[in-house]
Amino acid sequence: MMPTQNYDLQQLRAQIAATAARMIAQDGADYPTARKKAARQVLGVDQPQPNLMPDNAEIEDEVRRYLTLFGGAAHAERLQALRETALQVMDALADFRPYLTGAVLNGTAGEHDDIHLQLFADSAKEVEIFLLNRNVNIDISETPHFKGARHDPVETVSFLWHKEAVHAELYDFHDLRGALKPRGDGRLQRVDAAGLRALMTTDQSLEQDE
């Protein structure tokens, strides 16, 4: 279904965002894949006009709305458990300036989501040795740099912590400069352990007020 003069463009964007959100919440799809599949499902084309495609913030809002409607107490408990585990990992890795990012931070984490951290250390090898010395089995991969394609990918160590999967991207210390600015929509991109504790306290207070 392609847009006509009688069909509002924003309605189509919202429909694509809602469809993508359902794929993310139910199946654990990543945002780019969900957006592409949702656009094909809603519009019936593989390469829609760019102005019809919702951005990540729009899809994130729809994921949050979906989880609020259908996740219920199970979602709240899952998010709380992930944040508590993330806090434990961040405390253990405090020497490497850990920051939480992703779905566990923004509140859209569900049963398919893992914990994503960004560490800012003098060297990636320090982090690897720290974990190995504590008998933590690690897998090593690469992740695109959060500053964009003009920067080299960064090493990422993945491991289990209390049965939860953790992916820690390893950045140089100087990458922290400018990294604490909020997103364009004003939302936080990453928080340290103190910020996560404050967020958890605020969320608990809101739940008690409801």
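This is a predicted model: local features need pLDDT of at least 70, side-chain atom pairs count only at pLDDT 80 or more; totals for chains, interfaces and linings use all residues.

I started with the lining of the largest cavity: Ile 24, Ala 25, Val 63, Leu 67, Thr 108, Gly 110, Glu 111, His 112 and Asp 113. A cavity here is a set of points on a 1 Å grid over the protein atoms alone where a 1.4 Å probe fits but cannot get out, and lining residues have an atom within 4 Å of a point. α1 and α3 are the elements that give two or more residues to this lining. I put its volume down as about 40 Å³.

Residues are numbered from 1 along each chain as its sequence is written, and side-chain values use heavy atoms, with hydrogens and water left out.

Next I checked the largest pocket, a pocket being an open set of points with protein on both sides within 12 Å along at least five of seven lines. I found about 1,200 Å³ of space in it. Its lining has 36 residues, with Tyr 31, Asn 56, Thr 101, Gly 102 and Ala 103 nearest the centre.

Tyr 31 sent me to α2 (31-43). Which of its residues are buried? I listed Tyr 31, Ala 34, Arg 35, Ala 38, Ala 39, Val 42 and Leu 43, buried meaning under 20% relative accessible area with a 1.4 Å probe, protein chains only.

Methods. Grid points are joined across faces, edges and corners, and a volume is the space filled by probe spheres set on the points. Helices (H or I, at least four residues) and strands (E, at least two) are DSSP runs, numbered from the N terminus. Buried means under 20% relative accessible area, exposed over 50%, partly exposed in between (1.4 Å probe, protein chains only).
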